[in-house]
Amino acid sequence: MKQAMINTDADIPLPPLAHRSSCRCALHGRRLFTGALLAGAAAPALAQIPECKRSTAASLVPADQLEQAAAQQYRQLLQQAVEQRALAPADNGQLRRLRVIAQRIVPFAPECNERARQWKWEVNLIGSKQVNAFCMPGGKIAFFYGILQKLQLDDDEVAMIMGHEVAHALLEHARERMAKSTGTNLLLRGGAALLGLGGLGDLAAQMGSQLLTLTFSRSDESEADALGLVLGARAGYNPRAGIRLWQKMGAVGGSAPPEWLSTHPSGETRIREMEERMPGVMPVYEEAAKPRQRFGPPKG
Ligand SMILES: [Zn+2]
């Protein structure tokens, strides 16, 4: 596989688990959705799974403004990567791999959240040793090279991480967290902006900076695990990889836990929950059209 060279040791000052992403992207467009319709015809609707229900608290924070703020943060991250020659170009083998996997997952997104139909999905790969990945509100996905390399992820494992991160975005967990922490403040400032009193730029900046420090609740994580497994399975990736992934995460923990792990505690409970979900999700995987193209991890 051709590997375009990038700096894989960039120092991108990201707080742990930002759940947002960056980049120029090749992934948006109707192309994605056409493929999805075909792939998903026989499977049960995602909307039928309870994890697709979103909190009403989220409505306190305007989704379009949050998505705009996320897009801004994503651009900044990509810009930082460009400055350090650490943004993977379109012909980078691992980036192509991520985009192929995303193209199989993303078409199912609107079944869970109608807004996702309008999102300008982007998938980028950042040359950094961080073990991290995220999907920001609005469908901005980023993977850090470290998560692919250190964990030597196979395609099924990558799909489970991507499914999990996309699930957070579809379930609007960031919007819900923000509504619960600073809902009133945002509402007031949002109201002022609507009345033409200014402050819209401030609002976006405030939301953007919150995206950087957001941590999700244990129940958010559990919901994202559940939906992520279904998304990955519908896309034709084996959900058992979810269990393997958490075992790998646990094994690389130790004295310097990876960024992703710091906001995604592994451990027996999580793995047991995943095991319990397998009987429900394996039939979905068995029925799904499987990917014809398979990729390997970066050379360790
Ligand atoms: Zn998560």
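This is a predicted model: local features need pLDDT of at least 70, side-chain atom pairs count only at pLDDT 80 or more; totals for chains, interfaces and linings use all residues.
**Exercise 1.** Find out where Cys-112 sits, whether it is buried or exposed, and which residues it touches.

*Solution.* Start with the secondary structure: Cys-112 belongs to helix H4, which covers residues 109-112. Next, look at its relative accessible area, which is 7%. Buried means under 20%, so Cys-112 counts as buried. Then look for neighbours, leaving out residues up to four places away in sequence: Cys-112 touches Cys-52, Arg-54, Leu-170, Leu-171 and Leu-227. Finally, take one of these, Arg-54: 58 residues separate it from Cys-112 in sequence, yet their C-alpha atoms are 9.5 Å apart in space.

**Exercise 2.** Work out how strand E1 is covered on its two faces, and which strand it pairs with.

*Solution.* Begin with a general idea: side chains in a regular strand alternate between the two faces of the sheet. Now sort the residues of E1: Glu-122, Asn-124 and Ile-126 lie on one side, Val-123 and Leu-125 on the other, and all are buried. For the pairing, E1 runs parallel to strand E3 (residues 140-144), with 5 bridges between them. In one of these pairs, Ile-126 is bridged to Phe-144 of E3.

**Exercise 3.** Compare Arg-85 and Glu-172: where is each one, and is each buried or exposed?

*Solution.* First, recall that most residues other than glycine have a negative phi. Arg-85 has a positive phi near 55°, and Glu-172 has a positive phi of about 55°. Last, check accessibility: Arg-85 is exposed at 64%, whereas Glu-172 is buried at 8%.

Terms used: Residues are numbered from 1 along each chain as its sequence is written. Side-chain values use heavy atoms; hydrogens and water are left out. Helices (H or I, at least four residues) and strands (E, at least two) are DSSP runs, numbered from the N terminus. Buried means under 20% relative accessible area, exposed over 50%, partly exposed in between (1.4 Å probe, protein chains only). Contact means heavy atoms within 4.5 Å. Two strands pair if DSSP finds at least two bridges between them.
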